[in-house]
Amino acid sequence: MDADRGMAQQYQTQVISGYAGIDIGGTKIAALIVDDAGGVLARGAVPAPAREGGAAMADAAARLVTDLAHRSGARLRSAGAGAAGVVDHETGTIRAASATFSDWVGFPLATELSIRLGVPVGVENDVNAFLLGEAAAASVRDDVLGVMLGTGVGGALIIDGALRRGPHGAAGEIGHTPGYSDLVCTCGQIGHLETLASGTSIALRFAERTGEHLGGARDVAARARRGDADAVAVFRAAGRALGLACASAATLLDLPRAIVGGGVAHAWDLLQPGIDEALRTDAPVSGIPLTILPARLGEDAVALGAIETARSLDMAAIS
């Protein structure tokens with residue numbers, strides 16, 4: 001009996017090694033802890049103190065991860081973060097970000113999180129992390145474009161099985177490519193994809209057509225599904241612009257596949273008619289079919305992709 005009790009106590013106190021993946025956005029910070037096999041041990045989210053500066057964001061993320069690790073009984077080996085903005089991959093420093101964030105540009109996020117968590121931390125742009133997670137889940141080993149349709153429109157590229165970050169960390173930023181409208185983009189330039197395909201723009205385009213201001217793209221989608229012709233037209237225009245952007249990227253880089261995520265992608269049934277139209281009228285000149293698919297990991301995609309970054313750090317340390 002004593003031996004059995006001792007074995008039970010030893011089992012209860014056994015430490016599980018794990019990895020943390022963190023999704024750092026302008027309104028929410030989410031995190032996952034997974035074990036060596038990829039099983040999710042714990043997940044959680046907290047509000048993002050984006051207006052309070054980089055240190056406050058790092059504090060909130062570290063507290064969340066520490067709490068999840070404690071609850072799951074996991075000893076972290078490393079952590080990865082997918083962060084909004086342009087990221088210097090080598091240093092984990094934020095190079096550029098939207099006005100949503102205060103004191104974010106220039107913040108050494110990887111270093112500050114590593115100090116707080118006591119483990120190595122790698123940082124990717126959040127859309128890069130999203131694509132890493134989705135590609136791993138779909139066992140994609142070849143070239144693929146990732147697009148996130150949220151408040152804005154972000155993009156990422158995997159070429160020859162590896163992220164293509166570019167010399168300044170901004171490769172794949174398809175949301176700010178021009179030629180889709182005559183509207184002013186959030187960046188101040190004219191006609192970018194984001195002017196039609198982001199959640200913010202979908203709500204604005206509906207308001208322009210009807211004079212009615214709804215809460216956001218989700219409300220416009222609800223109207224479209226009830227048969228509102230203006231709402232249907234706004235989503236069709238968004239889908240067509242998205243399809244054209246993906247076809248342009250596929251033509252330039254010979255890409256066979258694009259994966260689309262973010263909150264707007266939940267209305268895939270409303271986007272798809274416009275996407276299909278674009279692929280009929282403006283297919284890649286190679287003649288090779290371009291497959292455009294909705295993401296499959298939902299809100300976990302960025303955090304799971306960040307865990308791929310964490311695993312890479314761990315493997316580098318072992319080798």
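Tutor: What follows covers helix pairs and then a pocket.

This is a predicted model, in which local features need pLDDT of at least 70 and side-chain atom pairs count only at pLDDT 80 or more, while totals for chains, interfaces and linings use all residues. Residues are numbered from 1 along each chain as its sequence is written, and side-chain values use heavy atoms, with hydrogens and water left out. Helices (H or I, at least four residues) and strands (E, at least two) are DSSP runs, numbered from the N terminus.

Start with helix 8, residues 229–253. Helix 6 (residues 199–210) packs with helix 8 at an angle of about 135°, their axes 9 Å apart. Axes here are lines fitted to C-alpha atoms, for helices over the stretch in contact, and angles run from 0 to 180 degrees between N-to-C directions. Helix 6 and helix 8 are therefore oblique to each other; angles under 35 degrees count as roughly parallel, over 145 as roughly antiparallel, 65 to 115 as roughly perpendicular and the rest as oblique. The crossing of helix 6 with helix 8 is right-handed, a term for a near helix turned clockwise from the far one by less than a right angle. Ala, Val, Leu, Ile, Met, Phe, Trp, Tyr, Cys and Pro count as nonpolar, Asp, Glu, Lys and Arg as charged, and the others, Gly among them, as polar.

Helix 8 also packs with helix 9 (residues 268–281), at about 45° and with axes 6 Å apart. That angle makes helix 8 oblique to helix 9, and their crossing is right-handed. On the helix 8 side the contact includes Phe235, Ala238 and Gly239, and on the helix 9 side it includes Leu271, Gly274 and Ala278. By class, the contact holds ten nonpolar, four polar and four charged residues.

Now the pocket. The second largest pocket holds about 350 Å³ of space. A pocket is an open set of points on a 1 Å grid over the protein atoms alone, where a 1.4 Å probe fits, with protein on both sides within 12 Å along at least five of seven lines; lining residues have an atom within 4 Å of a point. Grid points are joined across faces, edges and corners, and the volume is the space filled by probe spheres set on the points. Helix 10 gives the most to this pocket's lining, with six residues. The lining has nine nonpolar, four polar and five charged residues.

Key
Contact means heavy atoms within 4.5 Å.
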